[in-house]
Structure formats: C-alpha cells, structure tokens
Amino acid sequence: MHVGDAGNPGRLRSEIKALVVSELNLKGRDPETIEDDSALFGAGAGSLGLDSLDALQLAMAIEENFGVRIPEGDEARAIFKSVRAIADHVAKVRSG
Amino acid sequence: MWITGLGLVTPLGIGVEQTWAALVRGDRAIGPIRLFDAAGQRVSIAGEVGGIPWPSDLPGHAAAWSRTSVMAEAAAKEAMHTARIDAHDARVGLVIGGTTGGMLETEQFLAQLLVEPASRDALAAMLSHPLTATGDCLEGTLGPFARVRTLSSACSSGANAIVVAASWLLTGEVDAVVAGGSDGLCRLTLSGFNALSALDPSPCRPFDRRRRGTSLGEGAGFLVLERAERASARGARPIAALAGWAVGSEAHHITNPAPDGGLVASLITRAIARAGLTAGDIDYVNAHGTGTPLNDAMEAVALARALGSERTRVAVSSSKGQIGHTLGAAGAIEAAITTLVVSRHTLVPTAGLDEPDPALDLAHVPHVGREVPRVRAALTNAFGFGGMDTVLVIAEPDLGRSETAVRQRPVLEDRSVVVTGVAVFGPCGRLGVEECAALPGNRFALDAPVDPDAHLDLAKARRLDRAARLGAVAVDHLLAQSGVPTVDCGLLLGSAFANVDASAAFMHRVFEKGARAASPAEFPNLVPSASVGHVSIYTGLHGPAFATADLEASGESAFVQAAQLVQAAEAPRVIAGAVEPRSGMVQRVLSTLFERVPSLAGATRADVAAATLVEAEGEARARGARVLARIEQVLEWRGDGGPALASLRGPRSARAQVVLPRASEEADRLLASTSWRASERVLCAPVLGESDALGAVAIAVGAARIGVAAVDDVLVLGLAKGRGFAIVLASA
C-alpha cells in the first residue's frame, strides 16, 4: 500500500516535501518553506543545494512510498528539477 | 625500501603467477555471482575468487575463519614464502587493511536472527568476525608477529597498510613487515554499490566513453617490505622498491571525489618528490580507475595536473576491468601488480577499453599487456570513500635516488612526540583539558541522554550518523581549544565493531524488502572508516586518515599508530581517538553470552567519543602550543603481555598514576610485575559507563592530568583479548 493521493496535487507536493526533509535529514527545515518550483539540486540561488547522493536516496524513497520508479540519467534530471516536477511525474505514472 | 615478497589471491587466480599471466593476456574474471543469491539486485555480476584454498589445519575454531581471512592467509603466506622470511627469526610486523571483514558470514547470522530473534547461536556468532579477526587468524598461522595493525580507509585500505609498514620500517622498530589487504564479496557491499548506482551492468570499462560504473571484485594482496640494508645483509633480493608515498584527505564528500583532482594531484607530486624522482622518471600508472564516470574523470585531471607535459608519454591502465574493484584489498593488490610491472617491465592492460573517452587525455594500454624495454618507476593510486587517498611510487631498486631519498627523509631526530590537546564527549557532556583532568573524581548519570546535535552545525552534519556525530563533537572541540592548523592534521579513530547496528538494519531492509530498498545514503556509513571520513569532512582535516580496529583496545591502537606516524614524519600532527556509539546489538550479544556474569551482561554501555592531539614536539613548540604531556614510551604486544612489559619504564616520581579503561584481573596481574604496582589507579568505566572507546578516554584523562600538573607520570594500560598496549606519558 502506498501513501499519497494522485487526485490532490497540492497534498502530493506536501508529502514529497516532507519526504525530502525526512529522508535527507534536513533537520530544522520546515517542509512547507520549500517552494513548489524552486530548484532542489545545484548551487544556484534559492536552490536547496542537494547533490547526486541525495538524488539516489530520494529516488529510493519515492519508489518505496509512492510505488513510482524514477528512471536514471537525463530523464531523472528533469524529474528532480523541483517538487512540482516530481509530483507531476508521480501523478502521471500512477494515473497511467 | 625493498619489496622482497608478493602474494596474490584474485578472481584471475590463486597466487602471483596465475594472476600475472591472466592479467597480461587481458583475461577478465567478472561474471554472474555464485557465492550468494543475487536475485533482485540491479547488477549481479562481480569478480569472484574460485577455488579458495582453505588452510587444511585451521587453528582454533574453523568458524573463526571468514572468507576474507582465508584469502588473506593464502596471499600473506605466499608473500612471506617468496621473501623467505619467518616470523620466528626476525621482528616481523603485520598490517592488514580491509572493509568487510567477515560480513559474508555475519549476514547469515543476521538472516537467522530475522527468523529467530532469540537464536543463541546466531547471537553468539554475530560479533565473531570483526575486522580484527583476520589479523588474529594470521597471527595464529604465520606469526608470532612483533606488531599487528588492522586498519580501514575504505578503498584505499590496502595502500594505507603499505604506508603504515613503511613508517614502521623508517623508525626501525621492526625488521620486515607483511602488509596488504583482503576483502571478500558480500551482499552488503553489492546492495550498497547497487544502491549508489555505481555498478556497470557489463564488466566495468575504466576510461571508456561508455563506462557506467565499476564492478565489484574480491581478493587479497600482500607485500613484504624491508629496509634495503637489512634485506641485502640477509641475502634477499628485491623485486622492486617502494620509493615514495603520500597520503591525504580531500575532506570534500562522503562518496564523490572532488572534481578538480586537487588533492590527488598534490599527492602524486609529493609521492614522486619523496622518492627523489621527477615526473620524467615515471613510466607507468596503475590507476584507481574504477570505471565510474566521476572517478575516472577526476583521476585523469589529477594525472594531467601532476604529470604535466609527461602525461601523454606515461602509460596508464586500470586492472579493475579484469578483477573488479576489490575494495579494501585493491590498494594492496594493485601495488603488487605495479611491483610486477616494474620488475618484469611489462605493462598490464585496461580490459574493456574499446572506445577511450576523448575527454580523458591518457596514454592507455587497451586490451592486452605488452613488454617494454624498461619501467623505471610507476605510480599506483588508491582512493577511498570520504576522500581518503593514497599514492605509492614503486621503482626499480637500483634507480639510485630512491633509497637515498627515503633514508634522508627527516625522521624526527629526537623522536619526541607530545600530546597538545584532548577532548571527551559522552554522558559527561563535552570536556576539554581541565574537565578531562577532573573526570575521575566526578560522577555522572550514566543514562543521561547524549545529544551531539546540540554542539553541531546541523546543516553541515546532516549526512553524519550517530557515531560520526559523536566523533565530530569531540574532534571539533579539540580543534577549537587547540587552534591547530587542519591542513596537515591527520585523523585516526579506533572502533571495535564499527557500525554494527546500522549494518544490521541495512541488511534487514535488504532481506525483507529486497535489494532495491537498500539505502544509498546509509551505505557509506557502514564502511569501518565512515566516522573518520565524516569527521574529516566536517572539521576540514586534510592529513592522513583511517580507522583502526583492535576490539576494546581500538582507541589505544589509534593513538599508538598516530604516534608512530608522527615519529616517522608522515604528518606533523594527528588527532587520535575512538568512537563507539551505544549498540543495541552489542548489548544483546553480551547479555546473551554472559548471562551468568552480571558485570558484563548488565554493564551500562555509553555513547563515548574521545580524541587526543598527537604532535611532533618541534611543531608544537614552533606554533606555541600548550604541551600537555610527552609520550615517553609505547609498548604493544600480542598474546601474553608479560615479556613486553619487562622493558616498561617505571614512574620517575611518586606523583604517578595508572589510568585504566576498566578494572580487570589481567590488568592487576600484569601491573603486579611492574614498578607501577604501587601507583594509584584511576578507572574510567565507573565514571562513564562501559564502552569500547574507553581506552581513548584513559589516554585523554592521563595526558590532561599531567597537563594540569595533577601528576607527573601516567601509565595507560589498554587490554583486549590476545593483545595489549602500554603507553607511558610524562610531563614535558
């Protein structure tokens, strides 16, 4: 059984934010302060500053919690662009 | 420094000759795993050793021998045989690097505990294959060794074993050293490297544009090292010479190398300079060459930076396309291969290199080996998780400058090594010099919560597990108090069982949910050197770094090894300590095995980390450091401590104390024969609770008490099953 509600994009994004904070051990960070569209990876301004090891952990956690496998390589890069992009991918796979 | 013996067990064959012939032919030994069920793993190929020669007369329990130990025994024995040395006839040391120890065997007990949580047999066997077990096994069949050291720096462990051997020979305390590494395949490493997406579905293709990761391998490699004068005096012939070496930490990231290759380039330059050579003398590089996109790119950049215009001339290959990445053994196996390349002036190839990556400008040796007129000197690189990197230079023995250069290296004239800082963290809170000195008189609530997070920058520490957090608090506090430069400061932390609870939890997930549930973030924390890597990254230490393992005397072995590295001028200063998080598994095992011994079964175990700054006296005085104590004498032994303690120095004054990690009949018996028998004794366990890190606490307390002039002389006696350390500290 998987958590999450594909029919409620806002709630799905909140769940993903909570997952980012707990899986990547961002202690003290309020998940709701992560913007839907801000960059998760890289060193740019406003980015969460995550790296490739975080991406692997997040992919594992998303598969475990939402039953959705994140592909490897360039496709993953696009999906991990933002919380919104991850949520869209999860919703798409689950509705398809 | 001569290399007079070699031994190899690899997926290509048992013994040096089988492996060598297959290497030169370009054979590849990477195929489907048969050793265990690898179903459900993303990648399930590896380099497996076939036909492992189980010693016919295993001493003690056959069950004490892991696959890792059996491979180590075969390779070490071959190395000693080719060198024609016998541990009975000379002072021979043994240094073993590794990462997995008996994990393959331990995994079976973990699986059994999932089904039968109270299984006495499984619990009893759970802790029977710690990293130190291999050294204990070899002590029994190939010893007696004058010294035994077990270390881990992840995938550079085998190379660092050779560096430790060299430092022992430089200070002249042993005649010969058998040094190497051994690592057996196991489900844990396969699951972990798969979780990191670090494995190529095809046999790995280092430097190829299509490379997608490494392939795991297993095996053992050992070298016998001797000073040239002594070896030639006994009529030994050199295979090649260990001419130079350099060790350092990137302090960058727990799994990824720093892309600019800055540290590696500087290590290559330093190692070549130490050999008294220039880049123009280097004819070959046996690269770390894992086949991961990041490693090979970084290594090519580093080689280009260090070799300059010579880089297009120097042949480069990686053996990992043939034998896979043998992890803790790789540095030693590849040092042995490099020795053969120099000795037989034949280059070994990079298998699988069909399409060289145009971004990596290297002079490759694709597919098959080839003979060349001469290989004057060669490099071998070894890089470990956490950025613990080592470069060795192996040269023709008569290359001239190398032996002289090594001999002229300024081993500290007066050999004076001092302690310039201490820190302890545990149920007592975070202690510096004054508080450590007062520790024995204090009483703390042993069950008080130990909260490292209160002292850490949580954003910076987010990847640190509990052990690393405890260590980071102690080391950070030590650095803050002592104001020591971090750029050349090393870090050695001892741990008895490393992260046994986390390893158990990781494997439970794999057993219950399948290999895809293996956590990529958790896996790097399971290597025995994880705390060292994390703490060096957190605190920015760039000197030599590795973990030592000696059961509950692991803190003592880290301290003694740190003093030996400083004495051999490997680093001006090294932080030595121990970290042991409270372990539910250790508690469970002890309460099961010792249910009739309440003092062991019921002892309150504590989260403890302790660290001590060990420094060359000249360096300490030059920076105006507060010198707490001088290291007067260090003794270490295997078996009975009686003979070694016969040479123990006595206290110089009546103001002397013996600081013991814990009370024991063995300590009483050994002390009774020394001139410290009447000195006051101070115990750490009653104050802090039981922990395998108490030896490091005892050393910190002893140095601090001298530093605040509470006493003039201290003896720390650290004992564990079959081994011991005596450390004499005195006012400077």
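Reader: What should I know before I start?
Author: The model is predicted: local features need pLDDT of at least 70, side-chain atom pairs count only at pLDDT 80 or more, and totals for chains, interfaces and linings use all residues. Residues are numbered from 1 along each chain as its sequence is written, while chains are lettered from A and ligands numbered from 1 in the order in which they are written.

Reader: How many residues does each chain put into the contact between A and B?
Author: Chain B gives 12 residues and chain A gives 13. Two residues are in contact if their C-beta atoms, placed from the backbone, lie within 7 Å.

Reader: What classes are on the chain B side?
Author: There are 6 nonpolar, 4 polar and 2 charged residues on the side of chain B that touches chain A. Ala, Val, Leu, Ile, Met, Phe, Trp, Tyr, Cys and Pro count as nonpolar, Asp, Glu, Lys and Arg as charged, and the others, Gly among them, as polar.

Reader: Which domains does chain B have?
Author: Domain 1 runs 2–408 and domain 2 runs 417–730. Such bounds come from an automatic or database domain assignment. The domain centres, taken over C-alpha atoms, are 28 Å apart.

Reader: How many residues from each domain are in their contact?
Author: Domain 1 of chain B supplies 54, and domain 2 of chain B supplies 56. On the domain 1 side, several elements supply at least two residues each, including helix 3 (103–115), helix 5 (133–142) and strand 10 (240–249) of chain B. That side divides into 25 nonpolar, 22 polar and 7 charged residues.

Reader: What counts as a helix or a strand here?
Author: Helices (H or I, at least four residues) and strands (E, at least two) are DSSP runs, numbered from the N terminus.

Reader: Back to helix 5 of chain B. At what angle does helix 2 of chain B cross it?
Author: Roughly 45°, with the axes coming within 9 Å. Axes are lines fitted to C-alpha atoms, for helices over the stretch in contact, and angles run from 0 to 180 degrees between N-to-C directions. That angle makes helix 2 of chain B oblique to helix 5 of chain B. Under 35 degrees is roughly parallel, over 145 roughly antiparallel, 65 to 115 roughly perpendicular, and the rest oblique.

Reader: Which residues meet there?
Author: Among them are Ala72(B), Ala76(B) and Met80(B) in helix 2 of chain B, and Cys137(B), Leu138(B) and Leu142(B) in helix 5 of chain B. By class, the contact has 7 nonpolar, 4 polar and 2 charged residues.

Reader: New topic. Is helix 17 of chain B buried or exposed?
Author: Buried: 10 of its 10 residues are, so helix 17 (residues 530–539) of chain B is largely enclosed by the rest of the structure. A residue is buried if 20 or more other C-beta atoms lie within 10 Å of its own, exposed if 12 or fewer, and partly exposed in between; C-beta atoms are placed from the backbone.

Reader: What covers helix 17 of chain B?
Author: The cover includes strand 17 (388–395), helix 15 (466–482) and strand 22 (573–580) of chain B. Gly540(B) follows the helix, and its phi is positive, near 75°.

Reader: Which residues other than glycine have a positive phi?
Author: One is Ala154(B), at about 55°. Ala154(B) sits in the loop between strand 6 and helix 6 of chain B and is buried, with 30 other C-beta atoms within 10 Å. Another is Leu551(B), with phi near 50°. Leu551(B) lies in the loop between strand 21 and helix 18 (554–567) of chain B and counts as buried, with 23 C-beta neighbours inside 10 Å.

Reader: Last one. Where is Val224(B)?
Author: In strand 9 (residues 219–226) of chain B. Val224(B) is buried, with 29 other C-beta atoms within 10 Å. Beyond its neighbours within four places in sequence, its contacts include Ile3(B), Met80(B), Ile85(B) and Val178(B).
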